[in-house]
Amino acid sequence: MELKEHCPDIMFQTFYVDVDIAQTNHYRIKKNPTTLLVGEDDQELFRLEGFKETEEILNIIDGIGNQVRNPIVPLEENKETNEKYMIYLLDKDSLAPVQTNYKNMTSVKTPRITLINLLLKANVEGLENPFPSNTILELVQFEGSKGHIEFRFPRKIKEAEIIKMKLALEKSLLAYGITEVEIIESY
């Protein structure tokens, strides 16, 4: 992370909104990504929502050091919501749609990441999930209509399995404008 190089005295922590639900709700995070600058007393000093350039964040850190702070607007408590997603699993040689429900315990919407995690966990009688059980989503990067998705697999994966995974991912993510997926393997 570029900021760590510029600010070696600052402690950095990364929380994933769909995994670290307690932290997400504690800080009332509403958007992904959100960068919080927090004092030693757990008091929020500054909040940045969305992607920001390193230079902008460095200017804010300098301002906080000079006691220039943004007014903290009280944020509404996070509320759980019920969301619906369409994933695709294999039915012999074709893809079959499966509507899934997801109880989001935060106010943060990460539909593409949530959809991928739901696909990994899907177990529907009569349909094949191309992902081995215990597959873990490690990293997701989207660039326009392309997704670079890293998974940690419990075993070595064959090329034929990767092809099936890509088909299920691309069909499932198409509703979010993702037309091409690159699967990156880790073990």
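Reader: Which residues of helix 4 are buried?
Author: This is a predicted model, in which local features need pLDDT of at least 70, side-chain atom pairs count only at pLDDT 80 or more, and totals for chains, interfaces and linings use all residues. Residues are numbered from 1 along each chain as its sequence is written, and side-chain values use heavy atoms, with hydrogens and water left out. Helices (H or I, at least four residues) and strands (E, at least two) are DSSP runs numbered from the N terminus, and buried means under 20% relative accessible area, exposed over 50%, partly exposed in between (1.4 Å probe, protein chains only). In helix 4, the buried residues are Thr114, Leu115, Ile116, Leu118, Leu119 and Leu120.

Reader: Against which elements do the buried residues of helix 4 pack?
Author: Contact here means heavy atoms within 4.5 Å. The partners of these buried residues are strand 3 (81-91), strand 4 (94-104), strand 5, strand 6 and helix 5.

Reader: What is the strand order of the open sheet of three strands?
Author: Two strands pair if DSSP finds at least two bridges between them. In this open sheet the pairing is mixed, and the order is 5-6-7.

Reader: How many bridges join strand 5 to strand 6?
Author: Strand 5 and strand 6 (residues 146-152) run antiparallel. Phenylalanine 142 stands opposite glycine 147 in strand 6. The number of bridges joining strand 5 to strand 6 is seven.

Reader: What angle does helix 5 make with strand 7?
Author: Helix 4 (residues 111-121) packs on the sheet, touching strand 5 and strand 6, and its direction makes about 145° with that of strand 5. Helix 5 (residues 159-173) lies across strand 6 and strand 7. Its angle to strand 7 is about 135°.

Reader: In the hairpin of strand 1 and strand 2, which residue takes a positive phi?
Author: Strand 1 (residues 34-38) and strand 2 (residues 44-49) are antiparallel, with five bridges, and leucine 36 stands opposite arginine 47 in strand 2. Five residues lie between the strands of this hairpin. The positive phi, near 70°, belongs to aspartate 42.

Reader: Where is aspartate 20 placed, and with which residues is it in contact, leaving aside its neighbours within four places in sequence?
Author: Aspartate 20 lies in the loop between helix 1 (2-6) and helix 2 (21-26). At 24% relative accessibility, aspartate 20 counts as partly exposed. With neighbours within four places in sequence set aside, the contacts of aspartate 20 are Thr14 and Phe15.

Reader: How many helices and strands does the protein chain have?
Author: From the N terminus on, the elements run α-α-β-β-α-β-β-α-β-β-α-β. Of the 187 residues in the protein chain, 37% are buried. The protein chain has five helices and seven strands.

Definitions and conventions
Axes fitted to C-alpha atoms, helices over the stretch in contact; angles between N-to-C directions.
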